[in-house]
Amino acid sequence: MLPVKRFTDFIEQNNLFGNNSKILAAVSGGMDSVLMVHLLKSAGFNFGIAHCNFQLRGEESLSDQEFCNNLADQLRLPFHVALFDTSKHAAGKKISTQMAARELRYQWFEQVRQQSGYTVIALAHHQNDAIETILLNLTRGTGIAGLHGILPKNGLLVRPLLFLNREEIHAIVEKSGLAYVEDSSNSSVKYARNKIRQEVIPKLKELNPALEHTFKNNLEHFRQLELFLEQYIAGLKKELFIPEGDEIHLPLEAIKKLVPKRLLLFKLLQEYGFNETIIDDLISALDKHSGRVFETPGARLILDRGKLILTKQKLNRHHETLIGVNEHEVNYAGYKLSVLHDDSPLIVKNNPLAVSIDSDLLIYPLTLRPWRQGDHFYPLGMRTSKKLSDFFIDQKVPLHEKEEIPLLVNGNGDMIWIGGFRPDERYKVNDNTKKVTIFELNKI
């Protein structure tokens, strides 16, 4: 007799789907997925079958496909099938065959779900799968999230068989006389999961015959611990993440007081791509001089005076733009630079985003670029050179903003203008100037 009541109770308790849901059941033809199909049918749910043929086992793969097709016909269910060149996909992306199969099936399941109007995708994982996943994660290295194993619900993926273990499933299927197929690759220990299933778990069960029950309780504890940590981190973010325009500021003193610092900093910054190695580097720099920059593909974290500054990574941050003699407008890093040539010695005043330059001193092409280490210029009104880094400190320019300031550079390498701040003394308009070129910056 099928455990329909336990099945529907588990679905309801974990809010997997409702009576009006349309379910796409992922079916390999094996014992687990076949039992899931018969439970869904007996419980009266509206569902269809999706089968992946990865073409890795020759005639056996075709036989599995035919079995699943016949099962769908027998139960009068919609049937979806896809044939994949899994080996080609794995070689092209330089990943394992198992990883390639995983990518292909989940992408296709979602495609079918959207095209055919299914509500959720049901997968036939059970308690032993969850144990294997935890052991794999521990072997490879994991955080708290890797200890909860396989969740009953993860987005649109649901696992309604997690109330059963492998032995229970085998007993139910055999007693009910349900037909299924055997995947010969499951007996091979060349795959890590199979090795854990066939060699590691039996040894653990010798130590604890009630291993599944013990892990079930442990999983619940881990899930509750993860939920607690997530709620605590959400509270910390509200307290420590201070929005400042496009930036987020984190008070340095408060960061130093975090306990345990490594775990909490990692969880605070994890969504921005900062890994544990970067977090270790950050912690070692907290009591040192400001100026360190920590980067991921999507974010930058700057150790500034009294705070950490978190910003999105800007595209093309270090690029250069050339300005030809006949160009009147160029775009650069969020700015539009307008160029106007005038026959009179016009001097722009009281506008830091515009400057008048002696045209006869310009050597084309000019360059717009960001600050570089070692840059220097002669600030207007001074006869001596000054490093731009020192100039930015005097102007109280935040460390992370100096790389965003556009610099106008002459064809001979001289600095002409620190955009938005000050021109170079050597290029100012004077009594001998005959023609003027006016440069004006505007935010796009």
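Okay, let's start with R76: at 78% relative accessibility it counts as exposed, meaning over 50% relative accessible area, where buried is under 20% and partly exposed is in between, with a 1.4 Å probe and protein chains only. Before I go on, this is a predicted model, so local features need pLDDT of at least 70, side-chain atom pairs count only at pLDDT 80 or more, and totals for chains, interfaces and linings use all residues. Residues are numbered from 1 along each chain as its sequence is written, and side-chain values use heavy atoms, leaving out hydrogens and water.

Back to R76. Its phi is near 55 degrees, positive in a residue other than glycine, and it sits in the loop between α3 (59-75) and β3 (79-83). Helices here are DSSP runs of H or I, at least four residues, and strands are runs of E, at least two, numbered from the N terminus.

K94 also has a positive phi, near 55 degrees. You'll find K94 in the loop between α4 (86-93) and α5 (97-116), exposed at 79%.

Last, the cis peptide bonds. V259 to P260 is cis, omega near -10 degrees, with P260 in the loop between α10 (252-256) and α11 (261-269). Y364 to P365 is cis too, omega near 0 degrees.
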